[in-house]
Amino acid sequence: MLTEGTSDPARPWPTLAKIVMEDPVGDPTPPRIPQPRARSYEGAITPGDSARYDVRFASRASGIVSSVMRDLMSLSERPEIISLAGGFPNTESFQRAIFDDVAGVIARDHLTSGLQYGPTEGLAELRELIADIMGQEGARAGVDDIMITSGGQQAIDLSIRTFVNPGDTILAEGPTYPGAVPSFTTYEARVEHIPLDDDGLRVDLVEEAMVRLAAEGRAPKLLYTIPNFQNPGGVTMSLERRERLIEIAHRHELLIVEDNPYGQIRFEGDPVPSLWELDNGAGWVIYLSTFSKILSPGLRVGWVAAPAPVLRKMNLGKQAADLCSSTVSQRFIIEYMRRYDWRDYVAELNVIYRSRRDALLRALEEEMPPEATWSRPAGGLFVWATLPPYLDTTDLLALATDKHEVAFVPGRGAFLDGRGGNSMRLNFSGVPEPMLTEGVRRLGVAVAEMTDLHRMLGGLDGDDA
Ligand SMILES: Cc1ncc(COP(=O)(O)O)c(C=O)c1O
């Protein structure tokens with residue numbers, strides 16, 4: 001039993017010793033330690049007071065655009081909504097006993113160092129393990145080529161921060177990863193989108209863009225691409241296109257940022273060599289990846305492999321951003337990987353994801369209008385669907401969440417030039433099959449309602465619908 005109050009007026013809550021003494025039966029629910037109540041400032045500054053900050057915000061801050069995905073995160077607090085919007089891996093499969101074991105090892109053998117700061121570039125033992133992981137994907141890298149980051153997200157941010165001045169042009173797929181958009185806007189990049197098709201990035205158009213932009217005096221600083229199971233497009237760049245892209249990079253001296261969080265999340269087909277590997281040490285590729293999809297996004301550990309001069313600059317950028325990535329998370333990964341075969345876990349995830357993908361594709365087949373199209377990814381977490389051009393998915397999202405309790409990422413969030421208005425990203429990894437089916441059913445109803453509305457307003461004659 002816990003009794004409130006102590007004899008010390010400055011500390012009117014029970015001490016830990018007192019709680020332990022008074023809880024001799026070992027109740028599995030830990031006693032709640034009453035905390036001194038902090039004064040709340042809630043409501044003291046209203047949105048109407050923004051003027052005083054507006055004049056002070058850096059122009060950089062005014063231009064930052066939020067990622068639609070992040071905006072939609074708040075929907076996860078509304079349990080009635082089936083969210084196909086997140087990019088959530090299925091963390092339910094991770095066994096509690098394994099977590100306990102690894103956490104126990106850290107508590108026993110690495111407590112002091114695990115709770116301590118670490119080197120900015122990350123723990124050498126983990127960088128060695130990452131070199132092995134990359135090797136298994138055919139991407140050869142040495143320990144010194146690698147820096148640990150706080151998730152793959154920080155690796156993207158550091159890449160853009162290191163190379164992009166305000167107004168610089170960069171190339172990115174269209175659609176691109178919505179989570180990269182705030183980095184592009186923070187550093188004031190001008191993004192030229194290069195379209196995708198079923199074989200990934202239209203590499204033929206990269207060369208065209210390089211020539212055109214050079215003639216305009218704005219040769220791109222870099223190309224940001226996700227060759228495997230592109231987020232959000234769901235497509236994979238063919239080997240032929242990868243080889244051609246590397247050839248273009250070498251000829252035009254184009255720096256490529258290859259973002260590869262999903263290479264291991266493959267349910268079908270054979271792996272395709274990475275751009276890093278095809279570059280063969282020529283120094284035109286910066287490779288990014290993460291433990292988020294092969295282990296856990298909650299650990300917030302990713303990495304970058306880059307040529308030495310680039311890595312040195314990114315290390316300085318990371319020092320400014322966060323000194324080092326979580327040491328305890330890095331230690332967790334090291335001790336986990338020493339004791340368990342991470343590939344077994346990924347294989348288990350891929351079985352689940354494959355059947356969820358199939359459920360999503362089946363439901364789309366049943367519920368979407370005949371003019372709709374969508375990708376059929378052989379891996380990754382997402383399907384990209386495109387509706388008839390008269391349907392706007394930003395409007396559809398409002399109807400879908402408010403009335404039909406289903407959410408997705410509207411396509412505009414994956415472009416910086418206003419395109420994507422009739423497309424959407426659908427996630428299948430984080431949603432159990434019956435909910436996927438029900439979610440797409442609800443989406444189908446919302447699409448039908450929007451189509452009717454459009455028809456009523458005279459936008460369609462009977463045959464077009
Ligand atoms: C293409 C891409 N890059 C980077 C990230 C961010 O990864 P992390 O969660 O490790 O920060 C994601 C996450 O969904 C992603 O899809």
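User: Which residues does Ser 375 touch, not counting residues up to four places away in sequence?

Analyst: Contact means heavy atoms within 4.5 Å, and on that basis Ser 375 touches Gly 233, Gly 234, Leu 361, Val 383 and Trp 384. This is a predicted model, in which local features need pLDDT of at least 70 and side-chain atom pairs count only at pLDDT 80 or more, while totals for chains, interfaces and linings use all residues. Residues are numbered from 1 along each chain as its sequence is written, and side-chain values use heavy atoms, with hydrogens and water left out.

User: Is Ser 375 buried or exposed, and what does its side chain reach at 3.0 Å?

Analyst: Buried means under 20% relative accessible area, exposed over 50%, and partly exposed in between, with a 1.4 Å probe and protein chains only; Ser 375, at 10%, is buried. Its side chain reaches the backbone oxygen of Gly 233 at 3.0 Å, and a polar atom of that side chain lies 3.0 Å from the backbone nitrogen of Trp 384.

User: In what order do the four strands of the open sheet stand?

Analyst: Strands of a sheet pair through backbone hydrogen bonds, either parallel or antiparallel. Strands here are DSSP runs of E with at least two residues, numbered from the N terminus, and two of them pair if DSSP finds at least two bridges between them. The order is β10-β11-β14-β13, with antiparallel pairing. β10 (373-374) and β13 (409-410) stand at the edges, each with a single partner strand, so one side of each lacks a neighbour in the sheet. Two bridges join β13 to β14 (residues 423-427), where Arg 425 is the bridge partner of Val 409.

Notes: Polar contact = N/O pair within 3.5 Å; in protein donor to acceptor, adjacent residues only side chain to side chain.
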